[in-house]
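Here is a short briefing on one protein chain.

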Amino acid sequence: MFMATGVRFPSDSSTATARHVVADALRKVDPVGAHAVERETNWRRGYLTHFTRLLEAGLGSSQDALTIATEGLRSIHEQMRCGDESLGDALSTPASDVWSTVEISGTAEPETELSVPYRGRRLTGSELDAQLDDWVSRGVVEPTFSDAIRDVAAHPQWLRLEGDTVVVLGAGAEMGPYRSLLRWGADVVAVDLPRSDIQRRIREQAREGAGRVRLPVGGKETGADLLHHLPALASWLEDLEGRLVLGTYCYADGATHVRVTMAADAIAARLVAQRPDTALAYLATPTDVFAVPAGAVTTSNEAYESGRRLVRAPFRALSRGRLLQRNYPPEAELGICDALVPQQGPNYALAKRVQRWRAAAARQDGATVSLNVAPATRTASVVKNRALAAAYAGAHRFGVEVFEPATSNVLMAALLVHDLRSGRVASDEPWREEAYAAAHGGLWTAAYHPRSALGLAAVLGLAGSRG
């Protein structure tokens, strides 16, 4: 029987671990929900309900939400292994290897104005303002997103993040801030796999940028594999000067995504404990479950009421009510947007939920945290799934805008800058903090429950591409 090495699950079943973690997260706040998780026999399909419950059970009080987060983190850290040790024990053991550093200084001049690429143009000034107004009016982003981006545009001196060292775990990721930070002249630590193609691209972008880039070197290899180099990488990061901003942007397919996320989370926990001024940064996926503010709920319900009933009725009748369900109850003040996508699977959902849990727990402990909902984006990892690619192609028919990677990249990097520089006081309620400046692409304000429109969006997307 195959067993992964490095950071790994306690057995070859990621399902068993996930069920255990979700049940433990719920147990103190919602014991009935925890029991339902333990009795779930079809995790691949049934996880959707339980991940929704993880959010709903915490809406009664901020303390309940934090209990779910801390219990979930405790459980998964107790179970995950690094070799033959627990994650915590592996990081508490002194690293046997001492790593060195390669430093690259960019050759360009730093950009001193926020410029957002969008549909073949670079938006600045009044054009950027007009586009922000358009996104807000169409319900593509929350109004606080527009406020935050305008704030950054009004303070271009923030872009360089003077005094901070931004550690980008997954520097080659399409959605990560690596390239934007370099254009703005930031001090960046780029961590990604020690593969020649990845490292070559990271170095080229470093030289073309305007910032300083440091790369970890272990032995003869530049780069780091979080799964197998965890203790050495953590020690190397701990010794860097300046306030660290640890950004987790790693992605992998299937169960490996959870393993990589847990390696990054182990580093986050250690750095925050050893260096309390460390800030944490994440991107939340819009295809998850979120509590939604009243304004988005009102927009959604107005869209449903104004929709064409004659078009909607046949689909609902033929599908026995499964298609084109309304997103929220008519009188709801606080909505629950369940945009989980079955094709992405329970491992993806768990990895992203761990990041949300860490953000909530660290924020409660006084750390600076940047966690922003990023829009649906045509990244390579998404469009290689034919069903998702088709759904994205047809999403505009249901009021959802899917962004290009270059646009999302700059906007999310700008939100990171805002979170690190604006001095905004975070909310005590985790759901409100997650909703702040959310760029959900219209999933929260759409008339229909996302999964009830996903199939039709895919059909329309396929038809459009063939046409």
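Just after helix α17, G423 adopts a positive phi of about 75 degrees. The model is predicted.

**Helix α17**
- Helix α17 covers residues 405-421. At 1.5 Å a residue, its 17 residues should span 24 Å, and the end C-alpha atoms are 24 Å apart, so the two values agree.
- Most of α17 is covered, with 15 of its 17 residues buried.
- The positive phi at G423 follows directly after this helix.

- Most residues other than glycine have a negative phi.
- R119 has 65% relative accessibility, over the 50% cut-off, so R119 counts as exposed.
- The loop between α18 (430-435) and α19 (450-466) holds A437.
- A437 has 1% relative accessibility, under the 20% cut-off, so A437 counts as buried.

**Helix pair α1 and α2**
- Helix α1 (residues 14-27) and helix α2 (residues 31-39) have axes that come within 7 Å and cross at roughly 170 degrees. An angle over 145 degrees counts as roughly antiparallel, so α1 is roughly antiparallel to α2.
- On the α1 side, the contact uses R19, V22, A23, L26 and R27. On the α2 side, it uses P31, G33, A34, V37, E38 and R39.
- By type, the residues of this contact are six nonpolar, one polar and four charged.

**Helix pair α4 and α11**
- Helix α4 (residues 62-79) packs on helix α11 (residues 255-274) at an angle of about 105 degrees, with the axes 11 Å apart. Angles of 65 to 115 degrees count as roughly perpendicular, so α4 is roughly perpendicular to α11.
- L73, I76 and H77 of α4 meet V258, M262, D265 and A266 of α11.
- The residues of the α4 contact with α11 comprise five nonpolar, one polar and one charged.

**Helix α12**
- Helix α12 spans residues 294-306. Its 13 residues should span 18 Å at 1.5 Å each, and its end C-alpha atoms are 18 Å apart, so expectation and model agree.
- Which residues of α12 are buried? They are A296, V297, S300, N301 and Y304. These residues cover an arc of only 130 degrees around the axis, so they lie on the same side of α12.
- An α-helix has 3.6 residues a turn, so residues three or four places apart point the same way.
- The face of α12 turned away from the buried side carries the exposed residues E302 and S306.

**Lysine K352**
- K352 sits in helix α14 (residues 345-364).
- Is K352 buried or exposed? Its relative accessible area is 12%, under the 20% cut-off, so K352 is buried.
- Leaving aside neighbours within four places in sequence, K352 is in contact with H257, L283, A284, T285 and D288.
- K352 and D288 are 64 residues apart in sequence, yet their C-alpha atoms are 8.4 Å apart in space.

Methods
Residues numbered from 1 in each chain as written. Predicted model: local features only at pLDDT ≥ 70, side-chain atom pairs only at ≥ 80, totals over all residues. Heavy atoms only, no water. Axes fitted to C-alpha atoms, helices over the stretch in contact; angles between N-to-C directions. Helix = DSSP H or I, 4+ residues; strand = E, 2+ residues; numbered from the N terminus. Parallel < 35°, antiparallel > 145°, perpendicular 65-115°, else oblique. Contact = heavy atoms within 4.5 Å. Nonpolar A, V, L, I, M, F, W, Y, C, P; charged D, E, K, R; others polar. Expected span 1.5 Å × (residues − 1). Buried < 20%, exposed > 50% of the residue type's maximum accessible area, 1.4 Å probe, protein only. Arc of directions from axis to C-beta.
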